[in-house]
Amino acid sequence: MRRLFWVMSLVILCAYGSAQASTIVDFEDWTGDNTERTLADSRGFNFAADPGHFFIIGNFGTSGHRLVTRADCSVTMTKVGGGLFDINSLDFREGGSAGNTIITLTGFFAAGGSISQIYTLDGNTDTSQTFHPLGFNALSSAVFQPVDAQITMAVDNIITPEASTMILFASAALFLRRRPRLT
Ligand SMILES: [Ca+2]
Ligand SMILES: [Ca+2]
(Lines give C-alpha, C1' and ligand atoms only; values in the text may rest on other atoms or scores of the structure.)
(Ligands and ions follow the chains in the order given, each with its own letter.)
Protein backbone atom coordinates (compact mmCIF):
# COMPACT_ATOMS: atom_id res chain seq x y z
CA MET A 1 0.00 0.00 0.00
CA ARG A 2 2.84 2.38 0.87
CA ARG A 3 4.54 1.48 -2.38
CA LEU A 4 1.37 2.39 -4.24
CA PHE A 5 1.31 5.71 -2.37
CA TRP A 6 4.90 6.48 -3.42
CA VAL A 7 4.26 5.48 -7.02
CA MET A 8 1.12 7.61 -7.20
CA SER A 9 2.96 10.56 -5.60
CA LEU A 10 5.74 10.32 -8.16
CA VAL A 11 3.27 10.05 -11.03
CA ILE A 12 1.56 13.23 -9.81
CA LEU A 13 4.92 14.96 -9.35
CA CYS A 14 6.02 13.94 -12.84
CA ALA A 15 2.73 15.12 -14.34
CA TYR A 16 3.09 18.43 -12.49
CA GLY A 17 6.72 18.75 -13.57
CA SER A 18 5.80 17.97 -17.14
CA ALA A 19 3.10 20.64 -17.14
CA GLN A 20 5.42 23.17 -15.53
CA ALA A 21 8.52 22.45 -17.56
CA SER A 22 7.20 23.11 -21.04
CA THR A 23 7.88 26.43 -22.67
CA ILE A 24 5.11 27.83 -24.84
CA VAL A 25 6.64 30.13 -27.40
CA ASP A 26 3.68 32.45 -27.87
CA PHE A 27 5.34 35.77 -28.83
CA GLU A 28 3.37 37.54 -26.08
CA ASP A 29 6.69 38.67 -24.53
CA TRP A 30 7.55 40.55 -27.73
CA THR A 31 8.50 44.15 -26.96
CA GLY A 32 9.53 45.24 -30.45
CA ASP A 33 7.28 46.86 -33.02
CA ASN A 34 5.34 45.26 -35.85
CA THR A 35 7.63 46.27 -38.68
CA GLU A 36 9.12 43.83 -41.16
CA ARG A 37 12.23 42.09 -39.83
CA THR A 38 14.58 39.15 -40.27
CA LEU A 39 15.26 38.39 -36.58
CA ALA A 40 13.10 38.11 -33.46
CA ASP A 41 13.09 36.20 -30.20
CA SER A 42 10.45 34.90 -27.81
CA ARG A 43 10.57 32.82 -24.63
CA GLY A 44 14.22 31.90 -25.07
CA PHE A 45 14.09 31.06 -28.78
CA ASN A 46 15.46 32.90 -31.79
CA PHE A 47 13.67 33.17 -35.13
CA ALA A 48 15.59 34.10 -38.25
CA ALA A 49 14.26 34.60 -41.78
CA ASP A 50 16.56 33.41 -44.56
CA PRO A 51 15.50 34.19 -47.16
CA GLY A 52 12.79 36.75 -46.65
CA HIS A 53 11.16 38.75 -43.90
CA PHE A 54 8.46 38.32 -41.27
CA PHE A 55 6.45 40.33 -38.78
CA ILE A 56 5.52 39.84 -35.14
CA ILE A 57 1.96 41.11 -35.19
CA GLY A 58 -0.76 41.37 -32.59
CA ASN A 59 -2.69 43.76 -30.44
CA PHE A 60 0.07 45.30 -28.38
CA GLY A 61 -0.60 45.20 -24.67
CA THR A 62 -2.99 42.30 -25.10
CA SER A 63 -2.65 38.72 -26.29
CA GLY A 64 -2.64 37.48 -29.81
CA HIS A 65 0.88 38.08 -31.07
CA ARG A 66 2.16 35.66 -33.67
CA LEU A 67 4.88 35.40 -36.28
CA VAL A 68 3.59 36.08 -39.80
CA THR A 69 5.79 35.67 -42.86
CA ARG A 70 5.93 37.59 -46.08
CA ALA A 71 6.11 35.70 -49.35
CA ASP A 72 9.43 34.03 -50.17
CA CYS A 73 10.26 33.49 -46.52
CA SER A 74 11.76 30.58 -44.61
CA VAL A 75 12.03 30.84 -40.81
CA THR A 76 14.64 29.03 -38.72
CA MET A 77 14.05 28.51 -34.99
CA THR A 78 16.94 27.92 -32.58
CA LYS A 79 17.43 28.11 -28.84
CA VAL A 80 18.97 31.34 -27.53
CA GLY A 81 22.57 30.46 -26.61
CA GLY A 82 22.33 27.12 -28.41
CA GLY A 83 21.08 23.81 -27.08
CA LEU A 84 18.67 21.10 -28.09
CA PHE A 85 14.90 21.27 -27.97
CA ASP A 86 11.80 19.28 -28.82
CA ILE A 87 8.63 20.45 -30.55
CA ASN A 88 5.50 18.75 -29.21
CA SER A 89 2.84 21.05 -30.59
CA LEU A 90 2.39 24.24 -32.57
CA ASP A 91 -0.29 26.38 -34.19
CA PHE A 92 -0.16 27.21 -37.88
CA ARG A 93 -2.45 29.70 -39.57
CA GLU A 94 -2.84 31.16 -43.02
CA GLY A 95 -0.86 34.35 -43.35
CA GLY A 96 -3.64 36.09 -45.24
CA SER A 97 -2.54 35.40 -48.81
CA ALA A 98 -4.69 33.63 -51.37
CA GLY A 99 -4.20 29.98 -52.19
CA ASN A 100 -3.85 26.82 -50.19
CA THR A 101 -1.38 27.06 -47.35
CA ILE A 102 0.79 23.96 -47.13
CA ILE A 103 3.66 24.20 -44.67
CA THR A 104 6.76 22.08 -44.37
CA LEU A 105 8.23 21.72 -40.88
CA THR A 106 11.77 20.35 -40.84
CA GLY A 107 13.72 19.52 -37.69
CA PHE A 108 17.50 19.17 -37.82
CA PHE A 109 19.20 16.81 -35.37
CA ALA A 110 22.45 17.80 -33.70
CA ALA A 111 24.03 14.48 -34.70
CA GLY A 112 23.09 15.04 -38.35
CA GLY A 113 20.04 14.18 -40.37
CA SER A 114 16.60 15.71 -40.30
CA ILE A 115 12.89 15.00 -40.08
CA SER A 116 10.13 16.67 -42.12
CA GLN A 117 6.36 16.80 -41.99
CA ILE A 118 3.88 18.63 -44.19
CA TYR A 119 0.71 20.29 -42.89
CA THR A 120 -2.22 21.46 -45.01
CA LEU A 121 -4.29 24.26 -43.48
CA ASP A 122 -8.07 24.62 -43.73
CA GLY A 123 -8.13 27.79 -45.84
CA ASN A 124 -9.83 29.91 -43.15
CA THR A 125 -7.53 32.83 -42.46
CA ASP A 126 -9.38 33.63 -39.20
CA THR A 127 -8.49 30.37 -37.50
CA SER A 128 -5.36 28.57 -36.38
CA GLN A 129 -4.90 24.82 -36.41
CA THR A 130 -2.89 22.92 -33.81
CA PHE A 131 -0.52 20.21 -35.00
CA HIS A 132 1.46 17.69 -32.97
CA PRO A 133 4.70 16.78 -34.76
CA LEU A 134 6.03 13.30 -33.99
CA GLY A 135 9.74 12.63 -33.63
CA PHE A 136 10.80 16.26 -33.46
CA ASN A 137 13.08 15.60 -30.49
CA ALA A 138 16.61 16.77 -29.62
CA LEU A 139 16.64 19.29 -32.45
CA SER A 140 19.36 21.86 -32.94
CA SER A 141 17.09 23.86 -35.24
CA ALA A 142 13.70 23.76 -36.92
CA VAL A 143 12.59 25.40 -40.18
CA PHE A 144 9.06 26.53 -41.14
CA GLN A 145 8.44 27.09 -44.83
CA PRO A 146 5.38 27.21 -47.11
CA VAL A 147 5.61 24.70 -49.96
CA ASP A 148 4.56 27.48 -52.35
CA ALA A 149 7.03 30.30 -51.76
CA GLN A 150 4.40 32.91 -52.70
CA ILE A 151 2.13 31.84 -49.83
CA THR A 152 2.43 33.42 -46.39
CA MET A 153 1.91 31.68 -43.05
CA ALA A 154 1.64 32.36 -39.33
CA VAL A 155 3.02 30.35 -36.41
CA ASP A 156 2.25 30.61 -32.70
CA ASN A 157 2.18 28.60 -29.45
CA ILE A 158 5.14 26.34 -30.15
CA ILE A 159 5.32 23.95 -27.18
CA THR A 160 8.84 22.83 -26.31
CA PRO A 161 9.36 20.61 -23.26
CA GLU A 162 12.49 21.48 -21.29
CA ALA A 163 15.27 19.16 -20.19
CA SER A 164 14.19 19.49 -16.56
CA THR A 165 11.17 17.34 -17.36
CA MET A 166 13.43 14.49 -18.41
CA ILE A 167 15.62 15.02 -15.32
CA LEU A 168 12.54 14.78 -13.12
CA PHE A 169 11.45 11.53 -14.78
CA ALA A 170 14.98 10.13 -14.47
CA SER A 171 15.15 11.14 -10.79
CA ALA A 172 11.80 9.48 -10.12
CA ALA A 173 12.92 6.28 -11.84
CA LEU A 174 16.17 6.27 -9.86
CA PHE A 175 14.31 6.86 -6.61
CA LEU A 176 11.96 3.93 -7.23
CA ARG A 177 14.85 1.67 -8.12
CA ARG A 178 16.99 2.54 -5.11
CA ARG A 179 14.31 2.93 -2.47
CA PRO A 180 14.65 0.09 0.10
CA ARG A 181 11.66 -2.17 0.44
CA LEU A 182 9.31 -0.92 3.14
CA THR A 183 7.49 -4.18 3.75
CA1 LIG B 1 0.52 34.32 -29.39
CA1 LIG C 1 -7.06 28.40 -40.73
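## Phe-45 and the β3-β6 pair

In this predicted model, Phe-45 has Lys-79 of β6 as its bridge partner. That bridge belongs to the pairing of strand β3 (residues 45-49) with strand β6 (residues 75-79), which run antiparallel and are joined by five bridges.

Both strands take part in an open sheet of six strands, with the order β2-β3-β6-β11-β8-β9 and antiparallel pairing. At its edges sit β2 (39-42) and β9 (114-120), each of which pairs on one side only. From one strand to the next, the twist averages 20°.

Leaving aside residues up to four places away in sequence, Arg-43 touches Thr-23, Ile-24, Val-25, Asp-26 and Asp-29. Lys-79, the bridge partner of Phe-45, is 36 residues from Arg-43 in sequence, and their C-alpha atoms are 9.3 Å apart in space.

## Strand β5 and its two partners

Which strands pair with β5? One is β4 (residues 54-57), which pairs with β5 in the antiparallel sense over four bridges; here Phe-54 has Thr-69 as its bridge partner. Another is β12 (residues 153-161), also antiparallel to β5, with two bridges between them. In that pairing Leu-67 stands opposite Val-155.

## The largest nonpolar core

Several of these residues come together again in the largest nonpolar core, which has 28 residues. Those with the most contacts inside this core are Phe-54, Leu-67, Val-75, Met-153 and Val-155. Two or more residues come from each of β3, β4, β5, β6, β7 (89-94), β8 (102-109), β11 (139-146) and β12. The most comes from β12, with four residues. In soluble globular proteins, nonpolar side chains tend to be buried together.

Apart from residues up to four places away in sequence, Val-155 touches Arg-66, Leu-67, Leu-90, Asp-91, Phe-92 and Phe-144.

## The chain as a whole

How many helices and strands does the protein chain have? Its secondary structure comes to two helices and twelve strands, and along the sequence the pattern reads α-β-β-β-β-β-β-β-β-β-β-β-β-α. The chain has 183 residues, of which 23% count as buried. Among its contacts with a separation of 6 or more, 67% are between residues 24 or more positions apart.

## Confidence

The mean pLDDT of the protein chain is 84, with 74% of its residues reaching 70 or more. Over residues 12-19 the pLDDT is below 50, and this stretch has seven contacts in the model beyond near neighbours in sequence.

How values were computed. Residues numbered from 1 in each chain as written. Chains lettered and ligands numbered in written order. Predicted model: local features only at pLDDT ≥ 70, side-chain atom pairs only at ≥ 80, totals over all residues. Pairing = 2+ DSSP bridges. Axes fitted to C-alpha atoms, helices over the stretch in contact; angles between N-to-C directions. Core = buried A, V, L, I, M, F, W, Y, C linked by C-beta atoms within 7 Å. Buried ≥ 20, exposed ≤ 12 C-beta atoms within 10 Å, placed from the backbone. Contact = placed C-beta atoms within 7 Å. pLDDT = per-residue confidence, 0-100.
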